[in-house]
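Let us walk through this structure together, stopping at the places where its geometry has something to tell. Keep the view open as you read.

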Amino acid sequence: MNQAMITDASLYLHRATKNKVYFSDVKILLPSSWPGNSSIQRPTTQSYEKANVIIAEENPKYGDTPYTLQYGGCGEKGRYIHLTPDLILNDSLPIYGKKGPLFVHEWAHLRWGVFNEYNDEKPFYIAINGRIQATRCTKEITGSMKDCSSGSCSNCKIDERTGLYDKRCNFYPHKVQAASSSIMYNQGLENVVEFCDETTHNTQAHQHAEPNVRLQEDVGSDQSQRTSKILLQPTMVLSNQQSHLYRPRAGCFV
């Protein structure tokens, strides 16, 4: 496990939760087939079945893209986070951005059951003022809508059937933003360090948010295929309360 990633994630999480939550203890469960040494302790209560984070070879369906197995509804905890060895060890995958914020994005799915604040199937919606907007939180996230499918970018075209931009159109956020949220929309943007809350929530777009439900029957349950299993102990809250008493409402507004 990349220690720097977890350290950065803990600092990022601490700031995102307004100094309430951080990672206090991380235990790595190694495969029994790996050679041991005196510095490695035997597991006590830790087991593969209880792992919060699994590092395993990529799922053919998702490649190196991290995902959280999350069957339940909004607010219900996920099962585990899946990361690949390439994502952990390779620093030349800039598409995913900084690893610390990326981990916090997935941790919010796992621990608090919040959803993504984008939707690849419904990337646009018509706002009250009649304008087409990108599904995002907050609506203060700036960017441009372009069709870059041909190699060069041009203005998007309207699909007459839906009244929205056609499937070749994408919203490209500006790298530098004045808005500080939201982590569940795009944690890779500069200055994005917070979850959406009641004051920044995009009420017109919330029904288009994408549940992070990925039924991974084909992930593979053979423990011998796993590189290592990470067990993250419950996060600590500085008020000495439990982390379940803090939950961002990102992606869970009604």
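**A guided walk**

At 43% relative accessibility, N191 counts as partly exposed, a class that sits between buried (under 20% relative accessible area) and exposed (over 50%), taken with a 1.4 Å probe and protein chains only. You will find N191 in the loop between helix 4 and strand 11, where helices (H or I, at least four residues) and strands (E, at least two) are DSSP runs numbered from the N terminus. N191 also has a positive phi of about 75°, although it is not a glycine.

A word on the ground rules: this is a predicted model, in which local features need pLDDT of at least 70 and side-chain atom pairs count only at pLDDT 80 or more, while totals for chains, interfaces and linings use all residues. Residues are numbered from 1 along each chain as its sequence is written, and side-chain values use heavy atoms, with hydrogens and water left out.

K18, not a glycine either, has a positive phi of about 55°, and its place is the loop between helix 1 (3-16) and strand 1 (21-22).

Now turn to the cysteines. With a disulfide taken as a pair of cysteine sulfur atoms within 2.5 Å, the count comes to 3 disulfides. One of them joins C137 to C196, with 1.9 Å from S to S. C137 lies in the loop between strand 7 (132-134) and strand 8 (143-147), and C196 in the loop between helix 4 (183-186) and strand 11 (226-232), so this pair ties together parts that are 59 residues apart in sequence. The torsion about the S-S bond of C137 and C196 is about -110°, so the disulfide is left-handed. Both cysteines, C137 and C196, are buried.

T138 belongs to the loop between strand 7 and strand 8. Another cis peptide bond runs from S181 to S182, with omega near 25°; S182 is in the loop between strand 10 and helix 4.

Next comes the disulfide of C156 and C169, whose sulfur atoms are 2.0 Å apart. C156 lies in the loop between strand 9 (154-155) and strand 10 (169-173) and C169 in strand 10, so the pair ties together parts that are 13 residues apart in sequence. Here the S-S torsion is about 75°, so the link is right-handed. C156 and C169 are both buried. The link of C148 and C153 is also a disulfide, with 1.9 Å from S to S, and at 110° about the S-S bond it is right-handed. C148 is partly exposed, with a relative accessible area of 23%.

How do the strands in this region pair? Three of them form an open, antiparallel sheet in the order 9-8-10, where pairing requires that DSSP find at least two bridges between two strands. Strand 9 and strand 10 are the edges, each pairing on one side only. Strand 8 and strand 9 pair over 2 bridges, and K146 has N155 in strand 9 as its bridge partner.

Finally, visit Q70, in the loop between strand 4 (67-69) and strand 5 (80-83). Q70 has 0% relative accessibility and counts as buried. A polar atom of the Q70 side chain lies 3.1 Å from the backbone oxygen of G113.

Methods:
Polar contact = N/O pair within 3.5 Å; in protein donor to acceptor, adjacent residues only side chain to side chain.
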